[in-house]
Amino acid sequence: MKKIIFIGLVFFLTILNFQYAEAKKRTYQNGNFRYTYKMEKKGVWITNIKPLSKKGIGTLKIPCQIKGKKVIKLGFDEDFDGYGSDSDYNIFGIRPDPEGDGSRLVPQHRINMVKKIKTIKIPSTVETLGFFCFDFIGDGKTINIPKKVKKYVIAQFTKIKWKKITVSSQNKKFKVKNGCLLSRDGTVVYGFVQKKKKMLIPETVKTIDTTDWHTQQAGTGDYNGCPTIVIPKSVNKIARYAFSTDKPVAIKIAKGNKRYAVQYGSVYSKVSGRLVLGYINNGVLKVPEKVTRINNATAGMLGRDTRLKKIIIPAGVKEIHTLLKTTYYVDEFICVIRCQKPPKLLDSLYVMYIYKCTIYVPKNCKNSYMKEWKGKIDPALDVKYIEM
């Protein structure tokens, strides 16, 4: 009996707490937009913006004050860690379909309304944005990043490709130049914020990065939208877990770059011999001749949505890490290795959704490969060695 009473009390308090939390939410209408918000000690937190009409919503000017208090925070209630199936709503209530593969957005009626918005003006009072705050809204809009916003910027502002994007000159963390999201000093590029036929990374950039963990807790920059990317001679670091693109893109390295070079469309380090960006052409990755280390798990893939069916490895490769980790959904993977001595397989040959792999090796090398790689290949993988 006591147990039943205890459970009932917990249930009652849970409902009471939920009702109290909901009661704290208020609405404010300005023009053709309705804002759902909460009052906090430091200011107003807007959790949802709803367009009320299909007309007159081309410009969304988010209020800087509501009920005499500054608007300091934008984003869905649970959208401040970037994780969890219930946290991925944007400020308009749009999210990936939870029953789909993530490519379809819902609800459709809200998506249609948000398409009408062409310009979003965020007030200078805003200090914090949710992780998905302005995600899922479609390309081609105009937006600004206020001076105090420093967190959850990289992922959402590079994933969307804007018609125009500006960053406050007083923002100490970011700026935009040549369609690139940069660190304030211009030495780091985090991703692209616009579509261009040829993306010229500014010559001040020294590092191409995917994320800045001092800036945000999760998320990586997006480098899609440009068929050609020109890397300046000033770049001396392309980070591990380097950027990838959905479609194959042409990478050009400016003359005078001392660290990086391109061969067969792929980028490699002239200093360490690392495969940096692998170019997938019609399902084939032909590794540059001067590469000595391959790690598909940390190298970027130029054309990651293209199924990698075949990799050609040059004679100078000494080490291979997680060779097939980024390969999946092909009936049979082909690996052509021109090394007389088997490269060190530093991690097990791990694959996902691949069950057959044919490995071509130089003449009279089959036995040495089988001996060297014994026990280092996923037992679920049907491997066949063939001498060339």
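Asp88 is buried, with a relative accessible area of 14%, where buried means under 20% relative accessible area, exposed over 50%, and partly exposed in between (1.4 Å probe, protein chains only). Side chains of opposite charge can pair when their charged atoms come close.

The model is predicted, so local features need pLDDT of at least 70 and side-chain atom pairs count only at pLDDT 80 or more, while totals for chains, interfaces and linings use all residues. Residues are numbered from 1 along each chain as its sequence is written, and side-chain values use heavy atoms, leaving out hydrogens and water.

By the salt-bridge rule, the count comes to 9. One of them joins Lys148 to Glu127, whose closest N and O atoms are 3.7 Å apart. This pair links distant parts of the chain, 21 residues apart: Lys148 lies in the loop between β11 (142-145) and α3 (154-159), and Glu127 in the loop between β9 (119-121) and β10 (128-129). Here helices (H or I, at least four residues) and strands (E, at least two) are DSSP runs, numbered from the N terminus. Lys148 is partly exposed at 41%, and Glu127 is partly exposed at 32%.

Asp222 forms a salt bridge with Lys161, with the closest N and O atoms 3.0 Å apart. Both Asp222 and Lys161 are buried. Finally, salt bridges that share partners join Lys25, Lys38 and Asp77 into one network.

Terms used:
Salt bridge = Lys/Arg side-chain N within 4 Å of Asp/Glu carboxyl O.
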